[in-house]
Amino acid sequence: MGLMNSLGRFFSEGVGVLAGGLIYSAFNLIPLIGPFAAGFAASVFFCGGVGRAFKLGILGGFLGATIFLLALIKLEFLNLSAGALPAFILGWILLVWNAFGLLACGLGAAAGVMARDVGRFYGSFFRRQGQPEDCVVYRICPVCNEGTPERTGFCVKCGSVMA
Ligand SMILES: [Zn+2]
């Protein structure tokens with residue numbers, strides 16, 4: 001793999017992780033389906049196999065969870081400095097919530113790559129099916145001059161064996 005190829009791949013996957021993170025943070029409160037959708041969407045940019053997509057999905061989810069939690073703190077929905085019990089409990093709930101979210105995001109990315117591979121497989125399968133049959137080679141019978149498909153091995157008109 002050349003340098004430009006590696007760079008292109010790195011850039012594409014970086015965009016995927018970033019996009020996944022942004023979608024993840026936006027869909028954070030939709031249980032499991034939100035992060036799964038974020039990973040699935042991000043997988044469009046991922047270049048490797050299912051395992052790699054899973055890891056990149058988790059990375060995107062981690063970015064998204066960080067954005068989401070920082071936004072909550074910034075908007076003072078989650079006041080950590082107060083030390084109040086509700087904020088503490090809410091913080092833990094959000095961490096556990098996002099642990100499942102990360103997993104769902106990774107699974108979504110893996111599912112996205114799997115769906116793409118399956119799509120490619122069937123795409124090439126149906127293209128193969130749509131192609132015309134192999135050319136049939138005809139030969140002229142030396143006895144009766146009738147054209148006959150070479151693969152039959154004998155003349156379809158007079159029955160003489162084709163060498
Ligand atoms: Zn013949």
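## Helix packing in a predicted model

Helix H1 has 24 residues and spans 34 Å from its first C-alpha to its last, close to the 34 Å expected at 1.5 Å a residue. The expected span of a helix is 1.5 Å times one less than its number of residues. The structure is a predicted model, in which local features need pLDDT of at least 70, side-chain atom pairs count only at pLDDT 80 or more, and totals for chains, interfaces and linings use all residues. Residues are numbered from 1 along each chain as its sequence is written.

The chain has four helices and two strands, arranged along the sequence in the pattern α-α-α-α-β-β. Helices (H or I, at least four residues) and strands (E, at least two) are DSSP runs, numbered from the N terminus. Of the 163 residues in the chain, 28% are buried; a residue is buried if 20 or more other C-beta atoms lie within 10 Å of its own, exposed if 12 or fewer, and partly exposed in between, with C-beta atoms placed from the backbone. Among contacts with a separation of 6 or more, 60% join residues 24 or more positions apart, where a contact means that the C-beta atoms of two residues, placed from the backbone, lie within 7 Å.

Two packed helices are described by the angle between their axes and the distance between the axes. Axes are lines fitted to C-alpha atoms, for helices over the stretch in contact, and angles run from 0 to 180 degrees between N-to-C directions.

| Helix pair | Angle between axes | Axis distance |
|---|---|---|
| H1 (residues 3-26) and H3 (residues 50-74) | roughly 45° | within 7 Å |
| H2 (residues 33-42) and H3 | about 125° | 10 Å |

The angle makes H1 oblique to H3; angles under 35 degrees count as roughly parallel, over 145 as roughly antiparallel, 65 to 115 as roughly perpendicular and the rest as oblique. H1 passes H3 in a right-handed crossing, that is, the near helix is turned clockwise from the far one by less than a right angle. The H1 side of this contact includes Glu-13, Gly-16, Val-17, Gly-20 and Gly-21, and the H3 side includes Leu-56, Gly-57, Gly-60, Gly-61 and Gly-64. The residues of the contact divide into nine nonpolar, eight polar and one charged. Here Ala, Val, Leu, Ile, Met, Phe, Trp, Tyr, Cys and Pro count as nonpolar, Asp, Glu, Lys and Arg as charged, and the others, Gly among them, as polar.

H2 and H3 are likewise oblique to each other, and their crossing is right-handed. Pro-35, Ala-38, Gly-39 and Ala-42 in H2 meet Gly-57, Gly-60, Gly-61 and Gly-64 in H3. This contact holds three nonpolar, five polar and no charged residues.

H3 itself has 25 residues and reaches 35 Å from its first C-alpha to its last, close to the 36 Å expected at 1.5 Å a residue. Its buried residues include Gly-57, Gly-60, Gly-61 and Gly-64. In H1, the buried residues include Glu-13, Gly-16, Val-17 and Tyr-24.

Some residues have a positive phi. Leu-32, in the loop between H1 and H2, has a positive phi of about 55° although it is not a glycine; with 15 C-beta neighbours inside 10 Å, Leu-32 counts as partly exposed. Just after H3, Glu-76 takes a positive phi of about 65°. Asn-145 lies in the loop between strand E1 (138-140) and strand E2 (147-149). Asn-145, not a glycine, has a positive phi of about 65° and counts as exposed, with 10 C-beta neighbours inside 10 Å.
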